[in-house]
Every structure is written in structure tokens, then in C-alpha cells.
Amino acid sequence: MACFLVVPNKQVNMLKYTQLCLNYLKSTFLSRQNNILVQQNRNTYILKRKHSAPLYKKYERQPRLTHKHFIYEFIEHSSQRKQKKIDLVLLESVKNIGEKGQKVSVSSQKAYESLILPKLAVYATPENLKKYIIEDVDVQRRLSKYSSQFVEKTISTLSQCYLPVIMSMDNPWTIEKWHVKVAFRNEGYIVPEYAITLPEKTISGPDLSIENKEFYVIVKINNIEEVKVRCKVHHYTSNSEKKIEYDVPYYLLPSIAIFPEDQSILNSLPKHPLADKESVEK
């Protein structure tokens, strides 16, 4: 069945002259509303009646709803709903995500943009799990660069750490492993003493000449990987008159090694994440 559009002084067959009709619509209708953007938006609002509607039995007259029955309470908006993570199987080792042949769960946006499109991963379907998953521990270790999937992130975090080792200003001391262990715990890291290697030279005090100066310790991860961690000596006393305070954050203070031969190693360690951010803002 043919469809017709009435144009002044003309009757045009739309099936035969489609382009002419479109041009006419653009010139008449769309030109007057060129500032309006028509775009679909998928969203859902979940509401709940504040006052429940009255029920009625069969063959009874349906009660009339009043204005109070059309008052709703907001429950949820679909765009604010937390999306579920997607299970993938990695085809290649991806930094901070996992190793080749490993099943991982990531957000939908990250999965699509960073893993599926670059063909670094596939969906964890039963067929792909049989085809790509690597369950043999020996094969995983041979393909993996690190001893576990968390080692790379651990090394990155600890290498940027500025570990304040707080020592007494009133009593004599020599830095031992348990001092560093407590310093790690104060920063939120659980590091056993057997995983800590101190400098060959001893550091003793109280000695204000090494206040806020640095040394580094070596932390062993899984008894395989090693990472150097920057430490700062800070003297503490309960006497408010002797207490040492700084006007700037500790990570913005100059890096001076206690042992001059360690200065090059300390300079090679990554800076604190906030150090670069504050320097840019200034």
C-alpha cells in the first residue's frame, strides 16, 4: 500500500520519492528546532507508593484512588546501581590484573575497553575455560614473571613508601629489625622480621645529625622477589619543648642519605605519589 505526503500544490509518492520527502521535512520541521537534541536515554526509576492502594474483592466495586495514593517514595535509579563484574580469561599477562591463562573478574567498562577489544582476554565461558585456562602450577610459574599475581602491585606500593622509623630522643638505641617491623605496621603493612634485611652498617642514636635522613631496607616477598624501601629516621620525645615538628609533609623534605654511598640508590627509588601531585599544584 502506497503512503502519501501532502505538500503544497503537490502530491508525492513517498515510496518513489523518499529523498524529496526527507528534504522537505528537514526544511520545514527540523530547521525550526535546530537547537533541540533528540537523544535516547535508558534509565529506570524504582518508586514505592507512600500510601498503599486499597484492595477489593471479586464482584466488588473498585475503590477510587485519591491524591495520596499517587505520592511515591524514591527507591533506586538504575544508572546508580552497582554493576556486576565480568569474569574473563586472560590470553596475555596484564599488569596489575593477572597472568596468562588466569581467570579474573573486572568491571564491565574495563573489561570491554582494556581487555576484550585489544584481544587480551575472552569471556569466561565453559568453552573458553577449557581452551585457555591454565591449571598446572608449574606451567603458571614458568609463564609468570612473578611468584604470584600480587607481587607486582606489592613491589610498586612498597617502593613508593616513605617509612618513618620513630626512635627515642631520650634513650639510647640501635635500629633493629623489629623497629622496622613496627614502622611497617604503623603504615598498615604486615612484614615479618625474617623478610627484612637491614643495612650492613649499624644506625645508633639518639643522634640529631641523622634526623630526617634516609636509609633503605630490603624486603623479600615470597622468599623470591626483593624490593628496596626508603626509611626516614625521626626522633620523638614526650617533652613538648624538645619535640621536632615540620611545616611540610615528610615526603616533600629533601632526600639525604645517612650513608653517602646509598644516595644514588635512594635517588633511584620512586617518589611518593603525593610528592609529584603537590609539586605540580605549586
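Asparagine 222 is partly exposed, with a relative accessible area of 47%. Buried here means under 20% relative accessible area, exposed over 50%, and partly exposed in between (1.4 Å probe, protein chains only). Asparagine 222 sits in the loop between strand 12 and strand 13 (225-236). Its phi is near 55 degrees, a positive value in a residue other than glycine.

This is a predicted model: local features need pLDDT of at least 70, side-chain atom pairs count only at pLDDT 80 or more, and totals for chains, interfaces and linings use all residues. Residues are numbered from 1 along each chain as its sequence is written, and side-chain values use heavy atoms, with hydrogens and water left out.

**Overall picture**

- The protein has eight helices and 13 strands. Helices (H or I, at least four residues) and strands (E, at least two) are DSSP runs, numbered from the N terminus.
- Of its 282 residues, 27% count as buried.
- The protein exposes about 21200 Å², and carbon and sulfur atoms supply 52% of that area. Accessible areas come from the Shrake-Rupley method with a 1.4 Å probe; for residues, only the protein chains shown count as cover.
- Among contacts between residues at least 6 apart in sequence, 53% join residues at least 24 apart. A contact means heavy atoms within 4.5 Å.

**Backbone details**

- Tyrosine 59 has a positive phi of about 70 degrees, although it is not a glycine.
- Tyrosine 59 lies in the loop between strand 3 (45-49) and strand 4. It is exposed, with a relative accessible area of 78%.
- Glycine 205 and proline 206 are joined by a cis peptide bond, with omega about 10 degrees.
- Proline 206 belongs to the loop between strand 11 (204-205) and strand 12 (214-221).

**Salt bridges**

- The whole structure holds four salt bridges. Each is a side-chain nitrogen of Lys or Arg within 4 Å of a carboxyl oxygen of Asp or Glu.
- Glutamate 261 and lysine 201 meet in one of them (2.8 Å, N to O). Glutamate 261 lies in the loop between strand 13 and helix 7 (263-268), and lysine 201 in the loop between strand 10 (196-197) and strand 11, so the pair ties together parts that are 60 residues apart in sequence.
- Glutamate 261 is partly exposed at 43% relative accessible area. Lysine 201 is partly exposed at 47%.
- Glutamate 214 and arginine 230 form another salt bridge (2.9 Å, N to O). This pair links distant parts of the chain: glutamate 214 in strand 12 and arginine 230 in strand 13, 16 residues apart.
- Glutamate 214 also meets lysine 232 in a salt bridge (2.8 Å, N to O). Salt bridges that share partners join Glu214, Arg230 and Lys232 into one network.
- Glutamate 214 is buried at 1% relative accessibility, and arginine 230 is buried at 3%. Lysine 232 is buried too.

**Surface charge**

- Lys82, Lys85, Lys110 and Lys153 gather in a patch of positive charge on the surface. Patches are made of residues with over 30% relative accessible area and no salt bridge: like charges are joined within 9 Å, nonpolar side chains (Val, Leu, Ile, Met, Phe, Trp, Tyr) within 5 Å.
- Lys and Arg count as positive and Asp and Glu as negative, while His and the chain ends are not counted. The place of a charge is taken as NZ of Lys, CZ of Arg, CG of Asp or CD of Glu.
- Lysine 85 lies in the loop between strand 4 (72-77) and strand 5 (86-90). It is exposed at 61%.
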